[in-house]
Amino acid sequence: MTAGEPLVRWDWVAGHLDEIALRIGEHVELTAIAVGVGLLVAFALSLLVLRYGWLEQPTTFVAGTLYTIPSLALFALLVPYTGLTILTAEIGLVGYTLLILIRNIVGGIRSVPAEVREAALGMGYSRGRLLWEVELPLALPVIVAGIRIATITTIGLVTVTALIGQGGLGYLILIGIQRFFSTPLLVGAVLSVALAIAIDVALVLTQRAVTPWARAK
Amino acid sequence: MAQRGATVTFEDVSKTYAGGSAALVDLTFTVPSGAICALVGPSGGGKTTALKTVNRLVEPTSGRVLIDGVDVMTVEAVALRRRIGYVIQHIGLFPHRTVAQNVATVPELVGWPRDRIRARVAELLDLVGLDPARYAWRYPAQLSGGERQRVGVARALAAEPPVMLMDEPFAAVDPIVRERLQDEFLRIHERLGMTVLFVTHDVDEAMKMGDAVAVLQGGRLAQFALPDELLARPANDFVREFVGLDRWRKRVERLRKAGLLA
Amino acid sequence: MGAREVSVITSGLAWLADGAHWQGSDGIPLRVLEHLEITVLSVGIAAAVALPIGMYLGHTGRLGFVAVNVANLGRAFPSLSLLAFALPISFALGLGLGFWPTAMAMVPLALPPILTNAYVAIRQADRDTVEAARGMGMRELQVLRIVEIPAGLPIVLAGLRTATVNVIATATLGALVAGGGLGRYIVDGLALQDVERLVAGAVLVALLAMGTEAAFGLLERASRHTLAVGREP
């Protein structure tokens with residue numbers, strides 16, 4: 001960034017490979033926890049919303065409001081309560097996944113054709129088995145689409161958590177900014193984009209794999 | 001493949017919804033074991049509601065529905081439904097399961113052994129005119145409308161139910177396919193002998209398929225009789241018009257005029 | 001909530017209520033203005049680029065797959081990375097830290113939703129109406145202006161809304177590179193361990209974002225009642 005300096009100093013990269021690997025690991029870990037917990041919470045809330053329709057408005061409102069709060073602000077607001085810890089980061093990250101996950105789980109289950117549900121009930125499916133054996137498998141494409149969006153968004157947000165003391169690739173970007181050093185800056189930035197794309201592709205392939213009937217035409 | 005039928009009795013069955021609208025009023029008639037009973041009437045007349053009281057998708061506000069003398073409300077709903085075949089207009093095949101898996105649904109729910117299920121699926125696909133070798137592994141999305149209808153019927157028959165409920169089962173296909181499906185269903189019924197209640201808005205279909213016809217109007221039973229009797233002695237003007245007696249008379253007139261009838 | 005937590009919020013609000021914080025070069029009005037400056041500039045540039053392209057693609061139906069998925073791709077891009085990429089560029093152009101790299105980074109953030117929504121908005125106009133319009137002798141641009149755009153206005157506005165709110169939220173990161181705006185309070189608050197300032201900054205950004213959401217919501221609703229030729233979105 002200073003004149004004359006190359007954009008990327010490869011010797012630095014070579015010398016810091018284990019640091020880079022560590023940050024990637026942290027990044028993936030933070031993302032996995034957030035999406036995993038988010039999925040559980042969203043699933044529980046979705047079942048409640050599907051069962052008690054009146055819950056939909058307040059739930060969407062709260063999740064939507066959480067989503068609107070800028071990430072930096074949300075993390076910053078949590079710091080006085082839970083400190084500069086991984087918990088702070090995860091609370092914020094999980095909160096951001098909720099809107100899209102709930103919307104897609106509820107929407108996916110609702111999009112199961114009415115006649116399929118009626119036929120299943122008429123044949124003697126209990127409500128529980130109906131959910132697990134009919135509604136969820138059919139809702140899977142929409143749900144996985146939601147997981148994709150939630151995961152990609154989370155990967156982006158994890159970079160911001162570096163500001164509240166968590167690691168990940170954002171850490172590299174931060175030290176790049178603080179030290180006026182473009183190498184870690186660009187390495188962190190490029191790798192977080194690459195990670196997002198890689199995971200997106202992996203999830204698309206997973207989605208195709210678990211829905212064989214969608215391909216049979 | 002002998003299969004008993006069960007007697008289905010409606011005993012003063014009424015259904016009123018929360019808003020006060022009455023869908024069924026004092027419905028009383030008995031479908032003998034092994035008979036096909038067609039439920040006809042104008043839309044909103046209560047025929048689908050009546051059908052659904054048999055497998056408790058609708059529960060009567062008063063009165064009883066009996067299967068072989070047993071009140072359906074005294075049997076656990078899920079267990080009841082597994083013993084009744086149910087075919088609806090758009091079938092509702094599970095898109096995420098193959099044809100074989102669809103047909104095997106109720107036997108699996110009930111817990112039959114694998115071999116028995118496999119044999120039963122092949123037997124049924126044959127019965128409905130679908131070659132198991134070609135169709136068993138296909139998904140519903142790969143089938144034509146007529147093929148889906150057949151799978152729907154096979155699925156409903158899988159667990160050897162004594163009673164079968166059908167709600168406009170052949171309405172969603174074109175007339176040529178419909179006629180073929182009707183004939184084939186009559187053939188299947190000959191072999192199996194289960195009691196069938198089916199709803200249709202097509203009077204001709206009711207006359208053709210039904211051993212007995214129940215005409216519902218405004219939730220009430222206008223007439224319950226054999227098809228011939230419906231034509232010969234309609235209970236009231238509504239039934240007469242509904243059955244289209246004028247239509248018949250006009251046709252006879254025309255044929256007579258053309259010198260084709262004495 | 002315990003006594004400590006409640007006091008954090010109230011002290012944050014107290015910070016906002018303090019008159020001294022409304023004056024000077026670090027005052028609330030100035031920071032809000034800076035924040036809006038970045039937002040308006042970057043969204044404006046993004047719209048100037050994305051709206052024509054999106055509408056052209058929607059009108060002709062070309063590159064549909066790309067147009068529709070651009071928004072998804074854009075969402076995937078970590079915003080901190082955008083800022084990171086903008087820094088060297090800004091320096092290379094001699095524009096330094098602060099305002100310019102932040103504004104530059106926000107443009108690619110705002111672009112995708114505006115593009116995708118513009119495409120979808122035009123695309124979903126009732127095809128029969130469009131054909132009738134052509135049959136009446138309207139030129140292509142007139143079809144676009146008279147038929148397709150009014151029908152798709154709510155969707156276009158929704159895209160602008162998403163873009164603007166995203167920029168408002170992400171522009172806070174600009175404070176990391178010596179930028180101004182409301183992010184300044186958050187970053188300074190974190191650095192100086194000044195909890196009240198941090199909370200105040202967060203609250204202000206959240207309010208600005210929610211206010212913008214609401215304002216756009218009203219605009220969208222109003223646009224639904226305009227000369228809407230074609231299907232309701």
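User: Let's start with the overall scores. What ipTM does the predictor give the complex?

Analyst: We're looking at a predicted model, so the scores come from the predictor itself. It gives the complex a pTM of 0.76 and an ipTM of 0.76.

User: Which pair of chains has the most contacts?

Analyst: Two pairs of chains touch. Chain B and chain C aren't one of them: no contact joins them, and their closest C-alpha atoms are 24 Å apart. On the A–B side, 19 residues of chain B are in contact with 16 residues of chain A. Between A and C, 34 residues of chain A are in contact with 34 residues of chain C, and the pair with the most contacts is chains A and C.

User: Which helix of chain B gives the most to the side that touches chain A?

Analyst: That side involves 19 residues of chain B. Helix 2 (77-81) and helix 4 (105-110) of chain B each supply at least two of its residues. By type, the side divides into 11 nonpolar, six polar and two charged. The one that gives the most, with three residues, is helix 4 of chain B.

User: Now the A–C contact. Which helix of chain A gives the most to the side that touches chain C?

Analyst: On chain A, 34 residues are in contact with chain C. Helix 4 (71-82), helix 7 (127-161), helix 8 (169-178) and helix 9 (182-210) of chain A each put in at least two residues. With 10 residues, the one giving the most is helix 9 of chain A.

User: And how many residues on that side of chain A are charged?

Analyst: The side of chain A that touches chain C has 34 residues. They split into 23 nonpolar and 10 polar, and the charged count is one.

User: Is helix 9 of chain A parallel or oblique to helix 4 of chain C?

Analyst: The axes of helix 9 of chain A and helix 4 (residues 79-92) of chain C are 9 Å apart, and the two pack at an angle of about 140°. Over 145 degrees would count as roughly antiparallel. Because of that angle, helix 9 of chain A is, relative to helix 4 of chain C, oblique.

User: Which residues of helix 4 of chain C meet helix 9 of chain A?

Analyst: Helix 9 of chain A passes helix 4 of chain C in a left-handed crossing. From helix 9 of chain A, the residues taking part are A:S182, A:L185, A:L186, A:G188, A:A189, A:S192 and A:V193. The residues of this contact come to eight nonpolar, four polar and no charged. On helix 4 of chain C, the partners are C:S81, C:A84, C:F85, C:L87 and C:P88.

User: How many helices does chain C have?

Analyst: From the N terminus on, the elements run α-α-α-α-α-α-α-α-α. There are zero strands in chain C, and the helices number nine.

User: What share of the residues in chain C is buried?

Analyst: The C-alpha atoms of chain C fill a box of roughly 70 × 40 × 30 Å along the principal axes. Among contacts between residues at least 6 apart in sequence, 75% join residues at least 24 apart. Of the 233 residues in chain C, the buried share is 50%.

User: Where in chain C is the pLDDT below 50?

Analyst: Chain C averages a pLDDT of 83, with 94% of the residues at 70 or above. Among its elements, helix 2 (residues 28-60) of chain C is highest at a mean of 92, and helix 1 (residues 3-17) of chain C is lowest at 72. In chain C, the stretch below 50 is residues 227-233.

Key: Residues numbered from 1 in each chain as written. Chains lettered and ligands numbered in written order. Predicted model: local features only at pLDDT ≥ 70, side-chain atom pairs only at ≥ 80, totals over all residues. Contact = placed C-beta atoms within 7 Å. Helix = DSSP H or I, 4+ residues; strand = E, 2+ residues; numbered from the N terminus. Nonpolar A, V, L, I, M, F, W, Y, C, P; charged D, E, K, R; others polar. pLDDT = per-residue confidence, 0-100. Axes fitted to C-alpha atoms, helices over the stretch in contact; angles between N-to-C directions. Parallel < 35°, antiparallel > 145°, perpendicular 65-115°, else oblique. Left-handed = near helix turned anticlockwise from the far one by under 90°. Buried ≥ 20, exposed ≤ 12 C-beta atoms within 10 Å, placed from the backbone.
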